[in-house]
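Good morning, and thank you for coming.

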Amino acid sequence: MNELQIFNDKQFGQIRTAMINDEPYFMLADVCRVLEIANPRNTLQRLNKNGVHNIDTIDSMGRTQQANFINESNLYKLAFTSRKKEAEKFTDWVTGEILPTLRKTGTYSMQKTNPLEALQQIGQSINKTIEALVEQDKRMKNIEMVTRVQNDRIGDMEKKMQLVYDCGTINRDNWRTHVRPLINQIAKYIPVLDSTDRFSAAWQESYKRLEQKFNCNLTLRVNNKKERLRLAGATKKVIAKINNLDVIGEDKRLIECYIAILKRMVLEYKRAA
């Protein structure tokens, strides 16, 4: 049985995860509850089957049950198509905190609870999920019509969000090969003045967010690296090529943060387009 790792947040409640083939997966029922998606089982029909696994879990009564878990790419797809306003904040929490922690340690720091408390938390989460599903069903006058409208909308969204699937494959080893394609996509939708270079605006905005999020000065780091190379006898041509991505690549924490920022920008600007 895969070991579950439970993440708690005051706003979103409990999200259960499992590492499957060294890849983070999220319990579909928990994700649907957060995003206010009424029927998790029907949701499976529009997800990538390769990113869905069925594993054993323990319910509130201590019984072994089967539950669906989805990978990172499928989670992004659900978040982007959700009508809930908090979906964007939810993806920020996942990409900015949960995923970096899972990839570094495979665990999530939280206070230990005894078995009874853990079962009570799971029971509360299940009750909230059931209540949300019941409330959602009450608001749906015609389920078939709503499903058809949503499927049409999803088809349009999928054309815009093809790159979101690629986001889930980015890691510290291949991140630089993904940066420029992501920036190119962001540049298509980033709101700028006509006289502004969209690609420059996309680069500048990504670096600005990284500096604010990580409280660092990329320009200073670039200058320091150039000075070290100069003292080491590097050629002017080599020194001139040093840029922000070079200094980001020297710090694993900066890489994780920059990856999360790029994913966030893809979701944000394509959602607004």
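**A covered helix**

Helix H13 is mostly covered, with 17 of its 21 residues buried; buried means under 20% relative accessible area, exposed over 50%, and partly exposed in between (1.4 Å probe, protein chains only). Helices are DSSP runs of H or I with at least four residues, strands are runs of E with at least two, and both are numbered from the N terminus.

This is a predicted model, in which local features need pLDDT of at least 70 and side-chain atom pairs count only at pLDDT 80 or more, while totals for chains, interfaces and linings use all residues. Residues are numbered from 1 along each chain as its sequence is written, and side-chain values use heavy atoms, leaving out hydrogens and water.

H13 covers residues 252-272 and reaches 31 Å from its first C-alpha to its last, close to the expected 30 Å, which is 1.5 Å times one less than its number of residues.

Let us turn to the rings. The whole structure holds 6 aromatic pairs, that is, rings of Phe, Tyr and Trp (its six-membered ring) with centres within 6.5 Å; planes under 30 degrees apart count as stacked, over 60 as edge-to-face and the rest as tilted. Phe 12 and Trp 93 are stacked, at 5.9 Å centre to centre and 20° between the planes. Phe 12 lies in the loop between strands S1 and S2 and Trp 93 in helix H4, so the pair ties together parts 81 residues apart in sequence.

Finally, how many disulfides are found? The search finds 0, a disulfide being a pair of cysteine sulfur atoms within 2.5 Å. The sulfur of Cys 216 is 7.9 Å from the closest cysteine sulfur, in Cys 257, too far for a bond.
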